[in-house]
Amino acid sequence: MDVDEKYTVEKEKVVYRIIGEAVVLLETETGRCYSFNGIGTEVWVAIEQGSGVLQISRDFASRYEIGIDRLKSDIAGFCKKLEKEKLIRKVKGPASKGRSALPRDGRGKPPKVYHPPAFERYDEIRIGRSVA
C-alpha cells in the first residue's frame, strides 16, 4: 500500500495568483518570485485543495497517457523542490479524496499534453521608476 504524502502551502509566506495556466507567486520573506508551468499549476491547486502526491498522480493518470510510477516520481520531485524553496511543507494526516485538478480551457478540460511540473525562480526583480 502506498502512503500518500501530503503538503500544505506556507500561506504566511506566500502570495500568489493564477494567471491563465500559470501560477505567479511571491515568497514574502525573501522577495523571490516564481512562475509555474500548466501542470505545476494543477499540482499547486491540488495541494491547496488537500490532495496528496498519490491522489494527484492517480487523477493525472486517468487524464494523461502517462504511467502512475512516472507521475508519482514527477509530482513527488516537484513537491520536494517546492518544499526546499519553503513554499510548501509536509503535513501529517490523511489527504483529501477531493478533486485535484484545475480545468484549463474554460470547458472543463485539462491541458492536452503532459509536461512534468516545473517552476522558474526569479531572485532579482527590478522595479522601474515612474516618469511623470
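View 1. Helices here are DSSP runs of H or I with at least four residues, strands are runs of E with at least two, and both are numbered from the N terminus. This is a predicted model, in which local features need pLDDT of at least 70, side-chain atom pairs count only at pLDDT 80 or more, and totals for chains, interfaces and linings use all residues. Residues are numbered from 1 along each chain as its sequence is written, and side-chain values use heavy atoms, with hydrogens and water left out.

**View 2. Helix H1, residues 38-48, is mostly covered.** Of its 11 residues, 10 are buried (under 20% relative accessible area with a 1.4 Å probe, protein chains only; exposed is over 50%, partly exposed in between). Among them you can look for Trp-44, Ile-39 and Val-45.

**View 3. Phe-36 and Phe-78 form an edge-to-face aromatic pair.** Rings of Phe, Tyr and Trp (its six-membered ring) pair if their centres lie within 6.5 Å; planes under 30 degrees apart are stacked, over 60 edge-to-face, and the rest tilted. Here the centres are 5.7 Å apart, with 85 degrees between the planes. Phe-36 sits in strand S4 (residues 33-36) and Phe-78 in helix H3 (residues 68-84), 42 residues apart. Phe-36 counts as buried because its relative accessibility is 3%.

**View 4. Phe-36 also pairs with Phe-119, this time tilted.** Their centres are 6.0 Å apart, with 50 degrees between the planes. This pair links strand S4 to strand S6 (residues 119-122), across 83 residues.

**View 5. Ring pairs join six named residues into a cluster: Tyr-16, Tyr-34, Phe-36, Trp-44, Phe-78 and Phe-119.** The structure holds eight aromatic pairs.
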